[in-house]
Amino acid sequence: MVHRICNCTHNTNGVNCEKCKDLYNDRPWRPAEQGKPNECKKCECNGHADKCNFDRAVWEASGQTSGGVCIDCQHNTIGTKCEKCKPLHYQDPNLLISDPNVCKPCDCDPVGAVGRGECQMEEDPVRNLRAGECICKENVNGVRCDRCKDGFFNLQQDNLQGCEACGCDVHGTVGRSCDAITGKCSCKRFVEGEKCDKCFDGYWGLASSTGCKPCDCDPGGSYDNFCDAVTGQCRCRPGIEGRKCDRVIPGYYYALSDNLKYEAEDAREIGRTTTNLLERPQGTKVVWTDVGSQNMSEGNGVEFVVTNVPFTGNYKILMRFYPKTLSFWEEVKVTVSRADGQRTVNGACGNVLSSNGYSFITTVRVYEQTKLLDEMVCLEKNVHYYVRVDFNRNQGRENHANLDSLVLIPDVNSVSIFQGDRGSSRLTDFTRFRCEESNLPANVPRPEVHPVCRKLHFSGSAVIYDGAILCECDQVGSIQGVGGVYTCDDAGGQCPCKPNVIGRRCRKCAPGTYKFGPNGCSPCACDLRGSHDNLCDVVTGQCKCNDLGIGRQCNECPVGEWGFPRCRPCECNGHASRCDAVTGVCIDCAHNTAGDHCELCMAGYFGDATK
């Protein structure tokens, strides 16, 4: 039996036209009615699909206007109407949605972009979206999302943010970036560490805009050239302050070359020696130290006790003379020995000094005021020594020498700051500016120290004495500083003395003065007509009177005399034992007498008072 096939119209299909054609399912199929064909409606698939299905839910959602769902969208499209580009593609804003080339693949790095390479699928100026623009992970940028943002590194597929934070220290890093692969930060000058988070040794100030700065610690005032990484504070030796450890604390000083000075008048006498006390004319410079010098004759000498060696090393020996030597001494013997009589076995001075000491012979020329011995002697810290000077033989009529003091001068070649390459440069400056020679003569007040020498002396002294030295100004003889602090000159340690007070520490009266006290010292003011000189007892002020005078100042006549300096007996006719020292007028006339010379009888009395 042959069945007839219907000739379907109205976009229907099937044996009985009981369904819509493949692309005409945008609304539900219905049989045609009289005057109402219920034509199947073509799905809107934008030319990207040949089939569609009717979806009741879509139909209801559209208000029963469209229920077609396109099937198997082509040309990289998706959606119920093939109206969108599928993932990892975008819609070209310059082409119609129906164009087979409208959806183009995203050109994004699958590692750095979200969704393994997603981009903005459409153009939307309102939302500032650009079709085809790659959507980067949080820590990724670049047109293709193929590199880490500044401050991040190590782009990885499984990292949801894409890259790790560099973690570079913002203060120590150039910019904020690091190596995109290794994460190594780009450090500023003198900055180190994987994160550029610390200064090189010997540098500080990571927060500086240019990198770390040199510590520049003083080579002597600090223990080394390391400083606090934040403040730059160097490690100062005792008594020293400042970021660089380049100045002394108030109340301290640094030594000059002649700091280890020993006065001849304080030494032990060997044979016959006498002390020359030398007055200091007010306001003038003197060329000796302390109270004077020791007069040494041939065959005699002195012995100094040295208990304050601050540093193990070589020392030069300097002798100072005042007044100048007036004859040639052809043999002056200097002997250095340990006070305990022992020989140094170990240490820097090992086997240099025997139990008998170390002796050498020198000469002193005519008019020589300072004598620096050619040879040096090695001395050890905390060891006590005797230094003996014997004046054995001279030539000339003046058979004496006036030894002012002996000075031990540390040899700068033994001091660390003058060693090595940089030390050699300092030693050159020390020699060039005559930093040692300028301190050899005794000058009070001391001449101004050259700025180069001040710095070198400061650093050298800090090493030799392991820091600064206490001023120890005498609180009676010194002038009090600002804030009640007793300070001294930074260079050399001279305390500011009250009138007529002398010594580095201001502890004694100058010759010609006495009565050490809160106001300084008072002038002896000896009357040179009645005294041997202007020197007096430092406590009582008693001058040394000759036969012409008595009294503290030797400016008075003996009791019973008047008219200094031509003292003569009082003329009181036997009625008084004393008279006015200047006028000769008798005092306290007895026996009822009166008158300048007790030559009259008192009123109411009679007789001859002169008999």
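**View 1. The disulfide of cysteine 43 and cysteine 52.** Both cysteine 43 and cysteine 52 are buried, a term used for residues under 20% relative accessible area, with exposed meaning over 50% and partly exposed in between (1.4 Å probe, protein chains only). A disulfide joins the two residues, with an S to S distance of 1.9 Å, where a disulfide is a pair of cysteine sulfur atoms within 2.5 Å. The link of cysteine 43 and cysteine 52 is right-handed, with 75° about the S-S bond. This is a predicted model, in which local features need pLDDT of at least 70 and side-chain atom pairs count only at pLDDT 80 or more, whereas totals for chains, interfaces and linings use all residues. Residues are numbered from 1 along each chain as its sequence is written, and side-chain values use heavy atoms, with hydrogens and water left out.

**View 2. The disulfide of cysteine 20 and cysteine 40.** The sulfur atoms of cysteine 20 and cysteine 40 lie 1.9 Å apart and form a disulfide, which is left-handed, with -75° about the S-S bond. This pair links distant parts of the chain, 20 residues apart, with cysteine 20 in strand 2 (residues 19-20) and cysteine 40 in the loop between strand 2 and strand 3 (51-54); helices (H or I, at least four residues) and strands (E, at least two) are DSSP runs, numbered from the N terminus. Cysteine 20 counts as buried at 6% relative accessibility, and cysteine 40 counts as buried at 3%.

**View 3. Cysteine 6 and cysteine 601.** Cysteine 6 counts as partly exposed at 39% relative accessibility, and cysteine 601 counts as partly exposed at 26%.

**View 4. The hairpin of strand 38 and strand 39.** Strand 38 (residues 513-517) and strand 39 (residues 520-523) pair in the antiparallel sense over three bridges, pairing being assigned if DSSP finds at least two bridges between two strands. Two residues lie between these strands in the hairpin, and tyrosine 514 stands opposite serine 522 in strand 39.

**View 5. Surroundings of leucine 406.** Not counting residues up to four places away in sequence, leucine 406 touches Leu260, Lys261, Tyr262, Phe304, Ile317, Leu318, Met319, Val387 and Val389, a contact meaning heavy atoms within 4.5 Å.
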